[in-house]
Amino acid sequence: MANPRLRSLLWWRKWAKKDWAIAAVGFTIIIFALSFLFDSRADDLDLTAADDLVDLTLLQNAKDRGAFCLDGSLPGYHFQRGFGSGSRNWLLHIEGGGWCNTIASCLDRKTTPLGSSRYMQRQVPFAGLLSKNPSQNPDFFNWNKVKIRYCDGASLAGHPESELKNVTKLYFRGQFIWDAFMDELLSIGLSNAKQALLSGCSAGGLATLIHCDNFRDLMPKDANGVTKSLPKNCVSRMDSSKCLFPQEIIKNIRTPLFIVNPVYDFWQIHHILVPDGSDVHGHWQKCRMNLQYCNPGQIEILHGFRSSLLNALSDFQKKEEGGMFINSCFIHCQTWVADTWHSHTSPKINNKTIAEAVGDWYFNRRVVKEVDCPYPCNPTCYNMEFA
């Protein structure tokens with residue numbers, strides 16, 4: 001499942017003695033449901049490993065706010081209370097799941113968990129950066145943790161003026177949902193947070209980039225299409241559709257960012273580099289499903305794709321408060337899975353896992369600008385093999 005690109009983790013901390021600061025960790029975004037198999041190394045990857053299951057809570061203030069999922073149901077989240085030294089620290093994670101970009105696709109989506117809380121799992125496992133196991137999540141294990149369910153189809157940025165009145169029963173209320181989530185979470189303890197981190201995978205990563213400065217400032221909720229949720233100094237100088245691309249969004253973000261992204265992100269390869277319909281003779285059929293089957297010419301093109309990402313990040317890399325972990329794996333969304341976030345078999349750069357790199361950056365233990373060598377140089381990668 002997926003959406004426009006650059007995932008993000010948003011962190012709120014005391015950057016200076018008196019100033020609140022939020023650090024946003026960005027990731028490549030846009031996922032769509034795909035069936036897949038793992039290669040021989042990834043056979044043991046546990047996507048659901050977690051300490052326990054966490055119940056779904058529906059937003060009780062949503063109805064009064066007009067904050068509805070695509071089908072008109074109430075949005076939901078999963079909340080696990082923190083403990084010990086983490087009892088006043090908060091970690092929020094926005095679920096990914098792509099966008100619906102036509103009325104037909106949104107109508108289809110509203111009968112799924114990505115468009116309706118009626119179809120959401122009532123319990124979900126918390127793993128990776130949501131785990132309360134210190135061996136799996138050493139820096140954030142005892143924080144208050146929230147998984148925000150994604151059900152508006154537009155990275156929590158839709159507005160009711162985009163609805164077709166009396167034509168379809170679809171609610172485009174993503175911004176209202178975001179506002180309602182903030183109100184409820186502030187009321188149950190986020191307002192007293194000492195430190196906070198907002199993370200997102202895929203479309204949820206884009207949502208983090210869109211909303212991170214709003215989250216940091218806790219601005220009044222007065223915004224009302226997606227355009228109104230985008231940075232004003234971006235839409236004033238270019239077409240608003242271009243402002244959805246993460247390389248433009250991050251130019252306007254005041255919040256410190258940490259970007260986690262694989263340079264051979266499988267969603268980008270499948271839907272941007274070699275989308276369905278573009279390879280009419282099937283030359284890329286095997287390569288786009290498993291990088292081991294790519295010929296030298298295709299590897300060269302993939303390396304060019306890698307270079308374009310690094311070029312797009314070149315200005316960001318110079319920012320003093322920014323951090324990055326750019327590995328050379330054929331994967332997507334690495335933070336919410338225990339085996340890719342932090343384990344003895346996790347992908348590493350300079351012998352550091354993603355969790356260690358993020359923690360080092362967040363707690364100012366060192367400067368973190370980790371950029372991997374080109375494929376296939378990193379033997380620690382989990383690389384996907386699609387059916």
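Predicted model: local features only at pLDDT ≥ 70, side-chain atom pairs only at ≥ 80, totals over all residues.
1. The structure contains 14 aromatic pairs. One of them joins F79 and W90: the ring centres are 5.4 Å apart and the planes meet at 5 degrees, so the pair counts as stacked. The cut-off for that label is an angle under 30 degrees.

2. The F79–W90 pair links distant parts of the chain.

3. How do the two partners stand in accessibility, buried or partly exposed? F140 is buried, at a relative accessible area of 1%, whereas F363 is partly exposed, at 30%. The limit for buried is under 20%.

4. F140 and F363 are also members of a cluster held together by ring pairs, along with W143 and Y362. Y362 is one of the buried residues of helix 11.

5. Helix 11 spans residues 354-362, and eight of its nine residues are buried, so the rest of the structure largely encloses this helix. The buried residues are I354, A355, A357, V358, G359, D360, W361 and Y362.

6. After helix 11 comes N364, which has a positive phi, near 55 degrees.

Note on methods. Residues numbered from 1 in each chain as written. Heavy atoms only, no water. Phe/Tyr/Trp six-rings, centres within 6.5 Å; stacked < 30°, edge-to-face > 60°. Helix = DSSP H or I, 4+ residues; strand = E, 2+ residues; numbered from the N terminus. Buried < 20%, exposed > 50% of the residue type's maximum accessible area, 1.4 Å probe, protein only.
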